[in-house]
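Let's walk through a structure together, one question at a time. Keep the picture open while you read.

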2 protein chains.
Amino acid sequence: MSYYLKIKKLDIKTGQANIALLNVNEARRYGIRAGDKVKISWQNKRIIAEANTSIKRIKPGQIGLYKDIWEKRNIPVNTIVEIEFLERAPSVQAIKKRLLGKKLTYDEFYQIFSDISSGVLTKTEITYFVASGFMRKYSNEELYFMTKAMAETGEILKFPGMVVDKHSVGGLAGNRTTMVVIPIIAALGLTIPKTSSRAITSPAGTSDTMEVLANVSFPADQIKKIVKKHGGCLVWGGGLNLAPADDKILKVSYPLSLEPYSKMLVSIMAKKVATGVTHLIIDMPVGKTTKIPDMKTAKELEIKFKYIARRFGIKTKVIMIQTEDPVGRGVGPALEARDVLRVLQQKDNYPADLANKSIHLAGELLELAGEAKKGNGAQMAWKVLEDGRAWQKMQEIIKAQGGNPDIHPEDIVIGAHKKYFNAPKSGLISFTDNKMINTVARILGAPADQLGGVYLNKEYGDRVKKGERLFTLYARSQDKIKLARKALEKKTIFKIGK
Amino acid sequence: MSYYLKIKKLDIKTGQANIALLNVNEARRYGIRAGDKVKISWQNKRIIAEANTSIKRIKPGQIGLYKDIWEKRNIPVNTIVEIEFLERAPSVQAIKKRLLGKKLTYDEFYQIFSDISSGVLTKTEITYFVASGFMRKYSNEELYFMTKAMAETGEILKFPGMVVDKHSVGGLAGNRTTMVVIPIIAALGLTIPKTSSRAITSPAGTSDTMEVLANVSFPADQIKKIVKKHGGCLVWGGGLNLAPADDKILKVSYPLSLEPYSKMLVSIMAKKVATGVTHLIIDMPVGKTTKIPDMKTAKELEIKFKYIARRFGIKTKVIMIQTEDPVGRGVGPALEARDVLRVLQQKDNYPADLANKSIHLAGELLELAGEAKKGNGAQMAWKVLEDGRAWQKMQEIIKAQGGNPDIHPEDIVIGAHKKYFNAPKSGLISFTDNKMINTVARILGAPADQLGGVYLNKEYGDRVKKGERLFTLYARSQDKIKLARKALEKKTIFKIGK
């Protein structure tokens, strides 16, 4: 049973759900209640939405569509759409099954991810699915099924020949190595179409930082053109439709800041499968305040990564480095972009740790891909950075992505309000609180506000004198500086020993 | 850090969440993203809401409030409210803890339920809490903690002296015994302040059916007056603030139709504690297509009910009857109300099973409360029904709740469109599909549309002749009849054997 209604575009965005607003009396007559799901069809298109109701704002015969819908889908004004009440999705059965502790088949995972990506499953239903991961750990077979299903329910972006990639599981402040590795590798003629995410719980993702220098949202065909011409790109993966279920799963994982390792693994590998990666280096920082707390956990995860990679024929190496020290000096999009430019342009004040780690990862990737002999990769990478080829390649990429290729590190605008923190005593910096740096950077506005963040004037292992500058806060407003200072009264970033 | 904005009442209702609409640029400046939680305060009141954003509909300096908010809370037009970005609630930590398989303390449950009822926890966070019930079964101690915390985070409705109650766990079509038991018990001078729920997954709850005869939404003080004067009432519990966390938990349980027994138990007992019940009869239908599939499950649940009841000093008896047969002939609010009136007015065509079961339950309650000697309760109840005192009491209650006390069963309006289903062959009705009856009644519009439903002209055990009328569909529109017929092509209600 279906009904025909004329659309009205509403200027409301939830950022999370497709909402259709119905006249309350009409909805009641159709047996639709606020919260029910409806299918909206027009021409040969369709979208699933959640019904909300209104007494006056929507007249009978009308249906109000939230911006979440019409921003994504081009529905002409005054279109008459057909709406149908939707019964419970069959994948709900599979979710129940897993919640009760049973294993799922490939077909069941496919159905779940397909319903997640098409919007058939609500946030609540997706949450139950995520929670089911805690009920019974996923078997390796299940992880493979999930990865495959997640990739196959989205776009597949193929490039000819060998496709290499470098991925960081995240958790460490700064650590913007990707923006150094990609130009190095592309400068050597390899294909490295890098899609990154935006920050979810951290103060900056690679996309947030790259966005300081250029656009990061491109449709698939344009990405293909950029990669064909320049060998690499640095774009936002969320703008494509790669493993689209992942994004929605991430949204319901966010409130609890609970990302089970299995979920992280599947999410990473599904995107590699969807972009046809053949050779992959995974950067996995290990440390109490990062995502992977200890080497035991790291090794278990490595085994699972390699299992999944093998099933898809992806050559993979996991680099586990034990550290809780931020990589680079800036934390927050603008400050991190400045660090990256200092490294690529080999300025005197470039952060050596960021350069070193990037070279290490690039070298490993070159060796894995057979471009360098064992033990020679890092040297090859150094050379490309040193002689300016990496920066030249980055300039090409920035230009291709609509940015200014002649940008200097000092051109980057950072928060106008700042506050220095000096050493309360002399001594050796014996501990850096990675989590606290992230917290403070977020209070200062990062990542939504590019200009906010923390700059570390000193780092772990430095000897400092009383009164010497330790770190600096940057923000767009004095308010945020105040809030960050308040947080720093309880807990600070550096511990100073003897 | 907080901001001041002028409210704008929006005519949009989600039925599920408190939404505040912010101007997108302003929100960004405040560091608020769509989906974040904000606290809205004015005078000495406050409410928690989820932020959505709009470009044009909300001007800077304004905040749009959805109807879900201003319908509940009286906020004068043009009020200036203070808004604050809310960090994660501390109860989220407790939810994580339980999701990872650990037991919670009373204080943790209290925090969770308190945050659920005050709207601090989002739907997603509540869903994780519900899902955590599958991770590790609740211990008896945890069930007691939950019941106590759930009751104590809401209103407490006290009545002097002994307070009796009868509760059905539900799952059986029809089964509207409450509306017969309450007037019988109240007619005998006992205090029985009955609060019921509306249907969630069934075609009618007691409140939906009572609403056909009278109002069911009253504030606490009015309920107290009605009960003081008449000894009983039949009101909707959702209009009060009893165990308010339960309702929100129910909303996230609905999509999966998964109500863990522990959740049902806590939800029932918390409301008994909140209304000061001292003596309680629980009606628990047991059968494959009801909520409790077998006697083993029923007995386990009985033990838990009795454990919780004992901790609160509530005398409780659980009546377990094995059946999958609807009680009464009508299914759907209007048809069920007609059955109830036929029983109370002792009409020739009254459904005997509904009368018998009601008498049985009323009798058990009278014995439990010490009003009748063991074995004499049912007889005492029969007498009150037979001599018209029960109907007289029901008339008082209907009148007190604003209904027409002189209503006759045949006055009740039922769906104008109908369709008879006749026996395809002669034989004995050997099976009634309780679930299918519920499904069909819902397709016909019940419970949102009172007029729709199924009337069973025959029942389990009846011998029928080919062509004899088996059951009748009623609906407000021909469309719904068509849909129900379609569903009945695949699966019917009665099985006819030899």
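Before we start, one term: two strands pair if DSSP finds at least two bridges between them. Also keep in mind that this is a predicted model.

Q: In strand 18 of chain B, which residue is the bridge partner of Thr432(B)?
A: Start with the strands themselves: strand 14 of chain B, residues 427–432, pairs with strand 18 of chain B in the antiparallel sense. The two are joined over four bridges. Follow Thr432(B) across to strand 18 of chain B, and its bridge partner there is Phe494(B).

Q: Which residues make up the uncovered face of strand 18 of chain B?
A: In a regular strand, side chains alternate between the two faces of the sheet. Strand 18 of chain B runs over residues 494–497, and its covered face has Phe494(B) and Ile496(B). That leaves the uncovered face to Lys495(B) and Gly497(B).

Q: Is Arg485(B) buried, exposed or partly exposed?
A: Arg485(B) sits in helix 18 of chain B. Being buried takes 20 or more C-beta neighbours within 10 Å, while being exposed takes 12 or fewer. Arg485(B) has 14 of them inside 10 Å, so it counts as partly exposed.

Q: How many Å separate the C-alpha atoms of Arg485(B) and Ile443(B)?
A: Along the chain, Arg485(B) and Ile443(B) are 42 residues apart.

Q: Which element of chain B gives the most residues to the side that touches chain A?
A: The contact takes 41 residues from chain B and 41 residues from chain A. On the chain B side, the elements that give two or more residues are strand 4 (45–54), helix 3 (91–99), helix 5 (123–135) and helix 18 (478–490). By class, that side has 19 nonpolar, twelve polar and ten charged residues. The element giving the most, with eight residues, is helix 5 of chain B.

Q: What classes of residue make the contact of helix 7 of chain A with helix 13 of chain A?
A: The axes of helix 7 (residues 178–187) and helix 13 (residues 333–344) of chain A come within 9 Å and cross at roughly 35 degrees, and the crossing is right-handed. Helix 7 of chain A brings Met179(A), Val180(A) and Pro183(A), while helix 13 of chain A brings Val340(A), Val343(A) and Leu344(A). Sorted by class, there are no polar and no charged residues, and six nonpolar.

Q: How many Å apart are the C-alpha centres of domain 2 and domain 4 of chain A?
A: In the domain assignment of chain A, domain 2 covers 91–136 and domain 4 covers 413–497. Their C-alpha centres lie apart by 42 Å.

Terms used
Residues numbered from 1 in each chain as written. Chains lettered and ligands numbered in written order. Predicted model: local features only at pLDDT ≥ 70, side-chain atom pairs only at ≥ 80, totals over all residues. Contact = placed C-beta atoms within 7 Å. Nonpolar A, V, L, I, M, F, W, Y, C, P; charged D, E, K, R; others polar. Domains from an automatic or database assignment. Axes fitted to C-alpha atoms, helices over the stretch in contact; angles between N-to-C directions. Left-handed = near helix turned anticlockwise from the far one by under 90°.
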